[in-house]
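Let's take a walk through this fold together. Have the model open beside you and follow along.

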Amino acid sequence: MNRILVTGGAGFIGSHLCERLLNEGNDVICLDNYFTGSKTNIAHLLNNPYFELVRHDVISPYYAEVDEIYNLACPASPIHYQYNPIKTIKTSVMGAINMLGLAKRLTARILQASTSEVYGDPNVHPQTEAYWGNVNPIGIRSCYDEGKRCAETLFMDYHRQNGVRIKIIRIFNTYGPRMHPNDGRVVSNFIVQALQNKDITIYGDGQQTRSFQFVDDLVEGMIRMMQTPEDLIGPVNIGNPNEFTILELAEKILKLTGSKSKLIFKSLPQDDPVQRQPDISKARDVLNNWQSVIELDDGLLKTIDYFRKII
């Protein structure tokens, strides 16, 4: 049994990770300040004697005896991270410093949940880990994009200077049950609007692309990455390489929900990427042939079923 700390553990992705780690027989500490996370996401875990819930903000140091740390803490949707951009970048940077300091003291493994947003609006397609990105450092998305880029820098420098046992993954668009219904991300937006028969809002002409992975596939990739040999530190892309336009996604959701919603078009937000598709060759190579196995239609049906229950 490992004792594992998950920061942001009450969030959408974090709650699924906590559940999986418990099911595998681990002792899990879930750390969250509930800015975007929710106790309802982990309520079903509270009676497990090996699950501990701690209300804490990673901007402040935290101390515990653990074997592994998954650092997920940070708002990930534009609505939430732009609500308080200074808080967002502090969470990424100071949170990384505090968790890396903890890992250094304990000689624990630590995994950084980075993001495809480090690639910005890419000039390379699909995006490989060798690509340095095309990011606006002073735009409205910069608090998240540059915060995550800086966190990767901190992880690499703690590894090179202090020998901290790090892992870095770059997460591409992820969806599934427990997404916040008002987080502003495209999958949850479209599903909620469709279920309520409201107009589905498409920004731009809908031809911009995304690659959507179901949360269970991501969690599998995260755990496999944590278990890799010491000399494999990443970064490694974790995403579904199947690429869809936003218009195609909207049409799928309309069909699967049987909605009467209409499509409306609005102007594209500043610095919104035109293309997003991971090259997962490295993940297949180093993570025991890992790849996304849940197709978009199947994952959307599970997510739609979740939102039907909470709306």
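Start at G163: this glycine follows helix α5 and has a positive phi, near 70°. Helices here are DSSP runs of H or I with at least four residues, strands are E runs of at least two, and both are numbered from the N terminus.

Before going on, a word on what you're looking at: it's a predicted model, where local features need pLDDT of at least 70 and side-chain atom pairs count only at pLDDT 80 or more, while totals for chains, interfaces and linings use all residues. Residues are numbered from 1 along each chain as its sequence is written, and side-chain values use heavy atoms, with hydrogens and water left out.

Among the buried residues of α5 are Y144, A151, F155 and Y158. Buried means under 20% relative accessible area, exposed is over 50%, and partly exposed lies in between (1.4 Å probe, protein chains only). What covers these buried residues includes β4, α3, α4, β5 and β6.

Helix α1 has twelve residues. Nine of the twelve are buried, so α1 is largely enclosed by the rest of the structure. Just after α1 comes G25, with a positive phi of about 90°.

| Helix | Residues | End-to-end C-alpha distance | Expected span |
|---|---|---|---|
| α1 | 12-23 | 17 Å | 16 Å |

**The strands**

Two strands pair if DSSP finds at least two bridges between them. β1 and β4 run parallel, joined by four bridges, and L5 stands opposite I69 in β4. β4 also pairs in the parallel sense with β5, over four bridges; here I69 has I110 as its bridge partner. Both faces of β4 are covered: E68 and Y70 on one side, I69 and N71 on the other, are all buried.

Next, β5 and β6 pair in the parallel sense over seven bridges. To get from β5 to β6 the chain passes through α5, and this β-α-β crossover is right-handed (with the strands pointing away from the viewer, the path from the first strand over the helix to the second runs clockwise). Six of the seven residues of β6 are buried. Three bridges join β6 to β11, and these two run parallel.

**The core**

Which residues have the most contacts inside the largest nonpolar core? They are L17, Y70 and M222, in a core of 58 residues. A nonpolar core is a set of buried Ala, Val, Leu, Ile, Met, Phe, Trp, Tyr and Cys residues joined through side-chain atoms within 4.5 Å. Helix α7 gives the most to this core, with seven residues. Leaving aside neighbours within four places in sequence, M222 is in contact (heavy atoms within 4.5 Å) with I13, L17, Y70, L72, L111 and I169. A second, separate core of 28 residues includes V54, Y62, M99 and A151.

**Aromatic rings**

The structure holds six aromatic pairs. Rings of Phe, Tyr and Trp (its six-membered ring) pair if their centres lie within 6.5 Å; planes under 30 degrees apart count as stacked, over 60 as edge-to-face and the rest as tilted. Y81 and Y144 have ring centres 4.7 Å apart and planes at 5°, so the pair is stacked. Y81 sits in α3 and Y144 in α5, 63 residues apart.

Definitions and conventions
The expected span of a helix is 1.5 Å times one less than its number of residues.
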